Amino acid sequence: MSLVKQFQSDFGDLITQQYAKCIEFSGDLDVSFDEYSQKLLDSLTAIHGELVVKDESSQMNTNISAIHNNDLYLAIGLCKGNETAWSEFDNRFNSKIIQYALLYTKNESQADDIKLGLKGSLFLESPKTGKSKIASFNGRGSLSSWLKVVIFRDVLSSQKESKVSSLDSIVFGIEDESLADDDMKNLEEIVAAGFKQLNQEERSLLRDYFILRKRENELANRLEVHVSTISRRLKKICDELLNHFNRIADEKYGLDKDQFKELLNQFDQSWQNSITKILG
């Protein structure tokens, strides 16, 4: 039995209830029960891990309820090119798209360009994943928040003439003046500004552990402290760093914690592993 069939067998009532609510909310978007079940399972697995399918019914109910199911259902319809889905999308998000585009461009003409290009960009397939941008939406946050991040990235990507040095150079003082990749540019201001709030000793410790992969016992011996002290110190610095990131994202770009996390999740260059572990 396939994993999705097992999922349906174990939690069929819960899935059916949510599926019915989605249809009631958005109408028939030519999304089958199997398609909805597969996308829901993929989202739950991405959020909670593969063992989520072994959860008790009460916990699974909580997990499923936490997903933005109406948005997830709509995203499936959009991926299939359903006309009703795109009409629903326009009705629900057109004004938001303009609002977000104006927030970041401060220019009506540029905001219109971003809006016009958005739908096309949602269908563009990533050369790495072979999937369209809208297919990456997993319902962890709302579709509105996800779109805000997409627009944020589109606006920054349209400003490529602004040359910046790599994150390596800015964050850790490594002498490498090569241009950052586009995805790095999208996070450069927030991440770089956040790291600059740390002192040199804190940045050095993070670099040794997360980038140079030095072990905690090696760092403890060097600093003449217990290994547990290194663990606590790393956690404290990471918590402080995340607070700086969230504050800067909010103050400078109007992104709340979930929106910044969504932006970080889409950032899949070489720095993703390091930053994700730093924030973990």
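## Basis of the description

A residue is called buried when its relative accessible area is under 20%, exposed when it is over 50%, and partly exposed in between, using a 1.4 Å probe and protein chains only. Helices (H or I, at least four residues) and strands (E, at least two) are DSSP runs, numbered from the N terminus.

The model is predicted: local features need pLDDT of at least 70 and side-chain atom pairs count only at pLDDT 80 or more, whereas totals for chains, interfaces and linings use all residues. Residues are numbered from 1 along each chain as its sequence is written, and side-chain values use heavy atoms, with hydrogens and water left out.

## Overall architecture

The protein chain holds 14 helices and zero strands. Read from the N terminus on, its elements therefore run α-α-α-α-α-α-α-α-α-α-α-α-α-α. Of the 280 residues in the protein chain, 45% are buried.

Contact here means heavy atoms within 4.5 Å. Among the contacts in the protein chain with a separation of 6 or more, 66% are between residues 24 or more positions apart.

## Helix H6

Helix H6 covers residues 108–123, which makes 16 residues. The expected span of a helix is 1.5 Å times one less than its number of residues.

Ala111, Ile114, Leu118, Ser121 and Leu122 are the buried residues of H6. Their cover includes helix H5 (83–105) and helix H7 (143–157). Gly120 also has its place in helix H6, but it counts as partly exposed, at 42% relative accessibility. The C-alpha atom of Gly120 is separated by 9.7 Å from that of Lys133, 13 residues apart along the chain.

At the start of H6, a side-chain oxygen of Asn107 comes to within 3.0 Å of the backbone nitrogen of Ser109. A polar contact is a pair of N or O atoms within 3.5 Å; within protein, one must be able to donate a hydrogen and the other to accept it, and residues adjacent in sequence count only if both atoms are side-chain atoms.

## Packing of H1 against H4

Helix H1 (residues 3–26) packs with helix H4 (residues 69–79) at an angle of about 75 degrees, and their axes are 9 Å apart. That makes H1 roughly perpendicular to H4. Axes are lines fitted to C-alpha atoms, for helices over the stretch in contact, and angles run from 0 to 180 degrees between N-to-C directions. Angles under 35 degrees count as roughly parallel, over 145 as roughly antiparallel, 65 to 115 as roughly perpendicular and the rest as oblique.

On the H1 side, Gln18, Tyr19, Lys21, Cys22, Ile23, Phe25 and Ser26 take part, and they meet Asn69, Asn70 and Tyr73 in H4.

## Cys22 and Asn69

Cys22, in helix H1, is buried, with a relative accessible area of 0%. Leaving aside residues up to four places away in sequence, Cys22 touches Gly27, Tyr36, Asn69, Asn70 and Tyr73. Cys22 and Tyr36 are 14 residues apart in sequence, and their C-alpha atoms are 9.8 Å apart in space.

Asn69 belongs to helix H4 and is buried as well, with a relative accessible area of 4%. Not counting residues up to four places away in sequence, Asn69 touches Gln18, Cys22, Tyr36, Leu40 and Ile64. A polar atom of the Asn69 side chain lies 2.8 Å from the backbone oxygen of Ile64.

## Loop residues with positive phi

Asp30 is found in the loop between H1 and helix H2 (33–48). Although Asp30 is not a glycine, it has a positive phi of about 60 degrees, and at 47% relative accessibility it counts as partly exposed.

Lys106, in the loop between H5 and H6, has a positive phi of about 60 degrees and is not a glycine either. Lys106 is exposed, with a relative accessible area of 65%.

## Val150 in helix H7

Val150 lies in helix H7 and counts as buried, at 1% relative accessibility. Val150 is 16 residues apart in sequence from Ile134, and the two are 9.8 Å apart in space, C-alpha to C-alpha.
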